[in-house]
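Student: Could we go through this model together? I'd like to start with one spot and then zoom out.

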Amino acid sequence: MTPGSLCSRRSFFLLVWLLFIVKSITYIALTPIWEGFDELFHFAYIHSLVSTRSLPVWGRTFIDSEIAQSTAYTPLAGLMPQLAPGFEKLSYRDYWRLEKPRREMFHIELRRLQASSNRFSPSSVQLYQVQHPPLYYALCAPLYCALDGRSIVEKVYATRFFSAFLASLCIVAAALISGSGSQAAPTRGSCLQRSVPPSVGRDLRTYSSFAAYLGGIVALWPCLYIDIARVGNDCLGVAVYSFIFLFMVRFGARTAMRDAVALGVLLGFGLLTKAYFLPAIPALMLFAAFLAIRKKDRWRQILLEICLALSCGAVIGGWWYLRNYRLYGSFAGLQETMYFPSVGVTERIQAAMIVPWGLIAKNLFVTFSWVSGWSFLHLPKPAYVVFAAAFAVAVFGLLRGLSSRSQQPAFGETGFGLIPAVCLIGFFVLGVAYHAVNTYATVRFIGGPGGWYFYALVVPISYAVALGIRQASVRVARFYFAALYLGIMAVEAHGFLMVLGPYYMGLALPSPDGWGTIYPESRTLASMAEVFNRLTSGELIPVSAGLLVLLAASYFVLHITVLLKVLAAKDMLSGS
C-alpha cells in the first residue's frame, strides 16, 4: 500500500479484533444464562472434570445437583428441560409475569448456588456431553477453580468471556493469512501458479482490498457471536480450525517441516476439542495429494511431511478415539451411536437414500445465517435474502475467476488459499452429511449438526466469500461489499431490537409459522421502553443502562470504522 494509506494491516486487524471483542461482549451480556446451545451441559462437564478429577463416562456421569437446581430459578428455552425436581419450567414470558418479589427471590436463590469444585453431588440427569473430548473443558478448569466460592452465574459469565477470547484468536489467523503485494499469483483458470513465498502472512505493514474484505467478513457474521457467547467447545474449535487453515496455506507455500509439525500439533488439539475435526484428516490428505501433483520434483518430501503431520495428530489426539472404541464400540463416540450401537452400514446407506437433503440444506443455511440459540427463534424470511445474496455473489465471483480466459491470473495475488479452504469446507460438509445420516439411521429423526457448526470454519469460509466478492467485479467489489455489510448490520440490529430483546424480556413470542416473533399485546413505543427497562433492571441479565448504551455506541462506531477502512484499502490488481 502507498505511504499515504490510512493504516497498516496490523492496525486494521487490531481494529477488527476490537470489533470482534465488543460484539462478543454484547452478545454475552444480552444472552440469559442457559440460553446458549447446550450451555448448561458444557458447564456441567467442566464442573465434573474439576470436582471428580476424572474423565466422564457415558451412563455413569451425571450433572451436579446444584447445576440442575439452577434451572428452577431462571426462565428456560423451549428445548431446555426443567432439571430441578418439583419445579415448573418457566418460559421468558412466564418469568416476567411473576410478581417482582418472587423474581427477586429467584435472583437471590440462583446466586446462592456455587457448584463448588471441591464437591460433587450428582443429580438424576445424565451428562450427555460426555461424547466430547476434554481439551476445552480442561482449559476452562483453572478459571473455574479460581472462581471457587463464586456463584454459578459469575462462573458462567467468566467462562463465556474466556471462551470468546479463545474464539477471537481466529482474527489473528485471518491477519496472517491475508494477502499482501509480495505474494505470488495463481495461473489463469487455476488457484495456484507457483509456490507462495515464505513471507506469506508475515508482512503486516500493508493491507490490500482482499485483506480488508477478509477481516471485515470474519467479524461480520451475527450467528458466530450467538454461537460463541456461551460456554461451549465451539469457541476453541473456531480458533484451532483457523490456525489449521493458516498452516495449510503456509505448508502449500514452502512445504517446510516446521509447518507440517505445526499442522500435526493443531490437528491433535482439534481432535481433543471436538469430533468435527475428524474431517480435517482427509482434507489434509487431499491437499497433500494436490501439492504432490503440482510439485512433482518434491512429491516424496510432501508426502513424508504430511505423514509426519498426521502422525503428530494421532499421537496427541488419537487416544481419545481409542478410548471411545474401547468403552462404546465407536471411534467418534456420538451419542446417537451410544444409544443404538447395533445400527450398521446397511441401515446408514438406506437412511442416506431417504433423508430429505433439500430440507437439511435449507436448515443448515438458515441456522448458519441467524438463529437465536436454544430457543431457536428465526428472523422474518426476507432477512435471509441478505445472506443468500452474499453467497450468490461469492459463488458467481469464484466461478468467474475459475473460468477466466484473460491473460490476468484467475484470482490475482490472493487465490493461494482457495484449495485448502475448499478441502476443509468440502470434507466438513461430508462430515455433517454423515452425522445427519447417522442421526436418521439411529433415532429416526431428521437432525444432525446445526448451521452454526460451520463457524468452526469461519476463516476459510470468509476467505472464499471475500475472494468471490472481489473477483465478481474488481471495479464495483467495494459497492457489493458495502451493500452486503450494511445489509447484514441491519439484519443484526433487527435481531437485537425486534427479536431477542422483546423475546427475552417476555414481550414477544415465536411466530406460529416459525419466522420472526409476534407480540400478544400491541407493539408500541411504550412496550419498547419496557424492553429497555427490563434489560437494564439486572434481574435476568447483568446489564446496566450505561453499559448497554456504551456497547451499542461502540458496536455502531466500530462497525462503521471497519467499513470505512475496507473501502479505503488499495486494490492489488487495479491499483486503486
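Student: Where is Pro-520 found?

Tutor: Pro-520 is found in the loop between β4 (517-518) and α21 (525-535), where strands (E, at least two residues) and helices (H or I, at least four) are DSSP runs numbered from the N terminus. This is a predicted model, in which local features need pLDDT of at least 70 and side-chain atom pairs count only at pLDDT 80 or more, while totals for chains, interfaces and linings use all residues. Residues are numbered from 1 along each chain as its sequence is written, and side-chain values use heavy atoms, with hydrogens and water left out.

Student: Is Pro-520 buried, exposed or partly exposed?

Tutor: Pro-520 counts as partly exposed because its relative accessibility is 43%; buried means under 20% relative accessible area, exposed over 50%, and partly exposed in between, with a 1.4 Å probe and protein chains only.

Student: And what does Pro-520 touch?

Tutor: Leaving out residues up to four places away in sequence, Pro-520 touches Arg-93, Leu-507, Ala-508 and Leu-509, a contact being heavy atoms within 4.5 Å. Ala-508 lies 12 residues from Pro-520 in sequence, and their C-alpha atoms are 6.8 Å apart.

Student: Switching to helices, how do α8 and α19 cross?

Tutor: The axes of α8 (residues 209-218) and α19 (residues 458-472) come within 8 Å and cross at roughly 130 degrees, the axes being lines fitted to C-alpha atoms over the stretch in contact, with angles from 0 to 180 degrees between N-to-C directions. The two helices are therefore oblique to each other, since angles under 35 degrees count as roughly parallel, over 145 as roughly antiparallel, 65 to 115 as roughly perpendicular and the rest as oblique.

Student: Which residues make that contact?

Tutor: Among them are Phe-210, Tyr-213 and Leu-214 of α8, and Val-459, Tyr-463 and Ala-466 of α19.

Student: What about the whole protein, how many helices and strands?

Tutor: The protein has 22 helices and 4 strands, and buried residues make up 60% of its 576 residues. Of the contacts with a separation of 6 or more, 80% are between residues 24 or more positions apart.

Student: Where is pLDDT under 50?

Tutor: The average pLDDT, the predictor's confidence in each residue from 0 to 100, is 87, and 88% of the residues score at least 70. Over residues 1-6, however, the pLDDT is below 50, and it stays under 50 over residues 180-206 as well. Where pLDDT is low, the predicted coordinates should not be read in detail.
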